[in-house]
Every structure is written in C-alpha cells, then in structure tokens.
Amino acid sequence: MPSAPPRTRPPSTPALRSTTFRTLLFSELISLIGDRLVVVALVALVYEQTRSASAVGILMLLKAVPAVALGSLAGALVDRWNRKWVMVGSNLAQGLLVLLIPLTHSLPVLFVAYLAMSIVNQLFIPARAATIPDLVPPAALMSANSLFGAAFVGAIAIGPAVGGWVGESFGLDAAFYLDSLTFLVPAVAVALLRLPSRRSAPPGPQGLAGEARAGWSYIRGHRHLLVALASTIGAFLIIAVMGVLGVVVAKDTLGLGTSGYGGMMSAMGVGMLAAVVLVGRSRGNSDRSRLGLIGLLLAGGSLTILPLVTIVPPAMLLSAVMGVGILTVQVSTQTTLQSVPADLRGRVMGVNQTATGVAQLLATALTSLLAGTVGPSAVLIGTGLLVTLGAITLVTLDRPRPEGPFS
C-alpha cells in the first residue's frame, strides 16, 4: 500500500497563508530598505556638498512637511482611485525620481526630487494600509500589521548599513541606482497581483476637501477611533523627542560615545521585535484596545525614567521597553483604524498621517527650543509624564460604560 504523500504544514501565522499578502509584505520590506538606504545617501551627499548641518535639517523637513499638508487629502484620493495602481504608480514615480539625483548631481534637483518623493509617498501609505484588511481574515489583521511592523524594524536595521556600505564601496551614485531598484521591483510585483478594487462612490458636490473632512468626522463620531488616534499621537511625540535628545542621554547622562547612542537605538529595535511577537498573538477588539494603551503606558513611563538613570544596562533595558511600547501602540492603533468601512479606510488613514505628522513636527520644534532653556532632562521627563497621564486618561475614556436603566 503506497504511503500517503507528506502534508505541507501551513504557516503558523494566518496572514502568511495568503500568497498575495506575502508578496505585498515582501515588496514593502524591499521598499522600506530602499527608503532607509536613500536617506543615508542623501544626507551624505548634501553634507558633502554643503558642509552644513542646516542643509541636512532642511532635507529632513522635506520628509515631514508633506504628511502635515497632504495626509488627509491623499487619503481622500486613495478612496477615489484603485488602490493597487496607486501603490504601483507611487513606487514607479519614486523609483524614477531618485534616478534624477545621480544623473544631475545638482543640489536643487536633489531637494526637489526628495520633496516630490515624499509627496508621492503620502499616497502610497494610506493605499497600502487600506488594502491589508482585504487580504487577511479579520482575526488575522493584528498579526498582519505586526508583520509589517517587523518589516519596518528590519528595514531600520538593514537599510542604513547597506546604504553606508554601498556608498563607501561603490560611490554614492551606486546607492541611488540601487535605491531606484528597491522601488521599481515592488512596483512590478504589486502590478502582477490580483487585488480587490475598493473605491468609494463617485465624488459628490462637497469636493475633495469635503471628502477629506469626512474622515475626521467619522473618527470624531467613534470613541474607540479617537482613543486609537490619540494613542498613536502620543507614540509619535516620544519618537520625535527621542530623535532629538536620545543622543544627549547617551553622551551626557550615560557618558557613552556615538556607538553607545547606536546601542540605545538597537536596544529599542530589539524591543520592537519583541513587540511583534507579543502583539501578533493578540486577537479581538478588546485585546487590541487594551494592548495599545498598555503600550502607551510602557513607552511614556520608560521615557520618564530614562533621563534619571546613569547606569548603562538599566538605560538599555528602558530603551527596549520603550521600543516594545511604541510598536505595540502603532500596530494596535493601525488595526483599529483599519476596522472602518472599506470605502473610508483611505481617508481615515490619511487623517492618521496628518495628525501624527503635526505631532512629530511640533514636538521636534518644541524640543529643540525647550532643551536650551529648561534642559534636555526636563523635556524628556515632561514628555514622558504627559504621555503617561494621557494614557491613563485614555484608559478611562475607553472603559465601557455600564448599562442600566439610567445609562
């Protein structure tokens, strides 16, 4: 009697059972690596040509400003258009724009190209986020978003190292050419996928601005969405403050060098990877909401304590806990925001981009201003306390109201 053929064991993560999802995830990883790679090459080229830290700062602003100005409008456009071709077109456009830099070596062209790439990316982000719920079962959505979180962390670890190595070994032009491929390859991969066509009804008399406001209106009308949006704003406040003052903690408080600062960021990355495993196992709306608020408490509490610690191992542990909290907030809140009706997802994700962009921009500016007056430690502790108290308030708001004859 012939033996039965061996059975292929399905992936343990339900989201990975979808070939379409796996392709989208892998293409996103390549694109994210390219995004981190090009930042290294751009910063190196700008500083090489200008020897000015201010010029590098302007470059970073070109990445942040489009999210503030265009996030909600981009979300409205994504709900009007076919999301598959928005993703394909965005990747193609960015791949072609980055080619302008090595072909001209012109600083004005570099700034214009990077600004255009940042604008185009505002369309890609809500289109991708709005597509994920169509590819996996609802119970697997949290796991799916945690996998994209892992891709983000992996890109942070891989992209800058690849960019630095390619730039030093083959020249900065080679880094730009490689980055162009990291956009063009995903564009082709997504173009070959069969994705659901999700679009809202034809635009009404309210116009594009009115459609963008519809995303805000929908969020305001649903308490759990307001809590999710406030939570992710809190996480981005911490990201912005640590982006400015993390190096101060490493060098002035802990007495470490640049490598020590890198170690703190790596510890945060390790925490994020741990969060991927933790959050990926969670299912259901109650788990999602609770995890997001727990993550915000962890991130805010660890930031409050960090500037008071002068010993390296506890400081690294706090950085890791902060990473756990930040990624837990991001994955859980994105999953909550994706739970809206399909024809509103782009607009809701666009609102999220605008809100977090404003928070990050204001936090960066205020941190730079206040650090010189009240001191870095006071800014870190103050931000940590603000986020922690905000998380406690959100826990109260998110608590189910008791039902009864007088409720």
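Modeller: Buried means a relative accessible area under 20%, exposed means over 50%, and partly exposed lies in between, using a 1.4 Å probe and protein chains only. This is a predicted model, in which local features need pLDDT of at least 70 and side-chain atom pairs count only at pLDDT 80 or more, while totals for chains, interfaces and linings use all residues. Residues are numbered from 1 along each chain as its sequence is written, and side-chain values use heavy atoms, with hydrogens and water left out.

Biologist: What percentage of the residues in the protein chain is buried?

Modeller: The protein chain has 407 residues. The buried residues among them make up 49%.

Biologist: Which type of aromatic pair do Phe21 and Phe148 form?

Modeller: Rings of Phe, Tyr and Trp (its six-membered ring) pair if their centres lie within 6.5 Å, and planes under 30 degrees apart count as stacked, over 60 as edge-to-face and the rest as tilted. By this rule the count comes to 2 aromatic pairs. The ring centres of Phe21 and Phe148 are 5.6 Å apart and their planes stand at 80°, so the pair is edge-to-face.

Biologist: How many residues apart in sequence are the parts that this pair ties together?

Modeller: Phe21 is buried at a relative accessible area of 0%, and Phe148 is buried at 5%. Because Phe21 lies in helix α1 (residues 19-50) and Phe148 in helix α5 (residues 141-170), the pair ties together parts whose separation in sequence is 127 residues.

Biologist: Are Trp165 and Phe170 buried or exposed?

Modeller: Trp165 and Phe170 form an edge-to-face aromatic pair, with 5.5 Å from centre to centre and 85° between the planes. Trp165 has a relative accessible area of 52% and Phe170 has a relative accessibility of 56%. By these values Trp165 is exposed, and Phe170 likewise counts as exposed.

Biologist: How are α5 and α11 oriented to each other?

Modeller: Axes are lines fitted to C-alpha atoms, for helices over the stretch in contact (heavy atoms within 4.5 Å), and angles run from 0 to 180 degrees between N-to-C directions. Angles under 35 degrees count as roughly parallel, over 145 as roughly antiparallel, 65 to 115 as roughly perpendicular and the rest as oblique. The axes of α5 and helix α11 (residues 312-337) come within 9 Å and cross at roughly 135°. The two helices α5 and α11 are therefore oblique.

Biologist: Which residues of α11 are met by Leu141, Met142, Asn145, Ser146 and Gly149 in α5?

Modeller: These five names belong to the α5 side of the meeting between the two helices. On the side of α11, the residues met are Leu327, Val331, Ser332, Gln334 and Thr335.

Biologist: Where is His105 found, and what is its phi?

Modeller: Most residues other than glycine have a negative phi. His105 is found in the loop between α3 (83-104) and α4 (107-131), and at 40% relative accessibility His105 counts as partly exposed. Although it is not a glycine, His105 has a positive phi of about 55°.

Biologist: Leaving aside neighbours within four places in sequence, which residues is Thr356 in contact with?

Modeller: Thr356 has its place in helix α12 (residues 345-371) and counts as buried at 7% relative accessibility. The C-alpha atoms of Thr356 and Leu237 are separated by 8.3 Å, although these residues are 119 residues apart along the chain. With those neighbours left aside, Thr356 is in contact with Thr232, Ile233 and Phe236.

Technical notes
Helices (H or I, at least four residues) and strands (E, at least two) are DSSP runs, numbered from the N terminus.
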